[in-house]
Amino acid sequence: MSEATITDTDITDTDITDTDITDTDTPENHASDHEVPSPIKLSNLYPPKFSSVNRERIDRKNRLTATFRLFGKFGFDEGVAGHVTVRDPEFSDHFWVNPFGVSFKQMKVSDLILVNHDGDIVEGKHSLLNQAAFAIHSRIHMNLPHVTAAAHTHSVYGKAWSSLGRLLDPITQDSCAFYDDHVLFDDFSGVVLDVSEGDRISKALDKNKAAILQNHGLLTVGNTVDEAAWWYITMERSCQAQLLAEAAGKPKMIRPEIATLTNKQVGSPLAGWFSFKPLFEVISEEQPTLFN
């Protein structure tokens with residue numbers, strides 16, 4: 001097995017059975033007043049477990065690279081803008097990130113660079129680091145130890161929505177993943193090159209899964225690369241859906257109590273992690289060169 005390849009056998013307890021998927025509409029699966037019914041129950045799979053730190057590192061790098069390929073496929077790339085990072089599982093003050101000037105569509109595991117919180121490239125064949133990536137992500141990883149991965153690009157609908165200076169409304173089931181779980185950062189001051197702005201962004205983000213950077217775009221975070229990537233994908237589409245809905249008329253809001261319930265069902269770390277699974281499998285089969 002090459003260093004950049006990982007299979008299901010590298011992750012313990014990964015077999016999914018029918019009992020792992022719960023149909024919440026059946027009476028026997030209705031939860032008590034203190035429980036929230038969930039469409040998926042994968043406690044034996046999440047969080048994923050690894051036999052060594054190195055295997056976990058390989059898996060994180062594979063999934064990070066797959067994220068770039070997916071973002072490129074979905075049109076989230078624009079020139080040299082955009083960056084996704086994941087904390088190294090061994091060295092918590094280091095993170096893996098895309099090198100400056102390499103297309104999302106052509107990213108390979110071997111292209112990734114390892115950067116410390118001082119901005120030094122300590123591993124990787126590339127010597128260019130996006131300074132905006134460092135200014136934002138180094139402070140997120142430094143100030144928010146619960147965050148493992150973070151994603152930000154200049155996707156079209158995210159940019160368009162960010163110009164309105166508003167949070168997303170709970171108008172669809174999918175947008176409820178962000179209900180009371182995202183913030184507006186309205187302090188745009190140009191291209192982010194100063195770590196002090198990264199500090200302000202991380203402070204505003206706090207325990208939320210996403211931020212709308214006004215006049216800039218979207219930023220999502222997660223306990224895994226999978227989560228951060230999925231939250232970004234579905235947030236971008238939620239921005240698109242609300243823009244379309246408002247262009248056609250006045251959307252009807254989901255009631256706050258139902259939006260809160262739905263957030264717990266579709267907005268959990270487990271839901272984010274599992275939602276990324278089919279996308280990872282498809283891109284891995286379609287573009288196996290990403291693992292080189």
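Q: Which residues have the most contacts inside the largest nonpolar core?
A: This is a predicted model, in which local features need pLDDT of at least 70, side-chain atom pairs count only at pLDDT 80 or more, and totals for chains, interfaces and linings use all residues. Residues are numbered from 1 along each chain as its sequence is written, and side-chain values use heavy atoms, with hydrogens and water left out. A nonpolar core is a set of buried Ala, Val, Leu, Ile, Met, Phe, Trp, Tyr and Cys residues joined through side-chain atoms within 4.5 Å, where buried means under 20% relative accessible area (1.4 Å probe, protein chains only). The largest such core has 37 residues, and those with the most contacts inside it are Leu 64, Phe 68, Phe 71 and Met 235.

Q: Which helix gives the most to this core?
A: Helices are DSSP runs of H or I with at least four residues, and strands are runs of E with at least two, numbered from the N terminus. Among the elements that each supply at least two residues are helix H1 (53-73), strand S1 (83-87) and helix H5 (225-248). The most, nine residues, comes from H5.

Q: What is the relative accessible area of Met 235?
A: Met 235 lies in helix H5. Its contacts (heavy atoms within 4.5 Å) include Leu 168, Phe 178 and Ile 212. Met 235 is buried, because its relative accessible area is 0%.

Q: With which side chain does the side chain of His 152 make a polar contact?
A: His 152 lies in strand S5 (residues 149-153) and is buried at 1% relative accessible area. A polar contact is a pair of N or O atoms within 3.5 Å; within protein, one must be able to donate a hydrogen and the other to accept it, and residues adjacent in sequence count only if both atoms are side-chain atoms. At 3.0 Å, the partner of the His 152 side chain is that of His 216.

Methods
Buried means under 20% relative accessible area, exposed over 50%, partly exposed in between (1.4 Å probe, protein chains only). Lists of a residue's contacts leave out its neighbours within four places in sequence.
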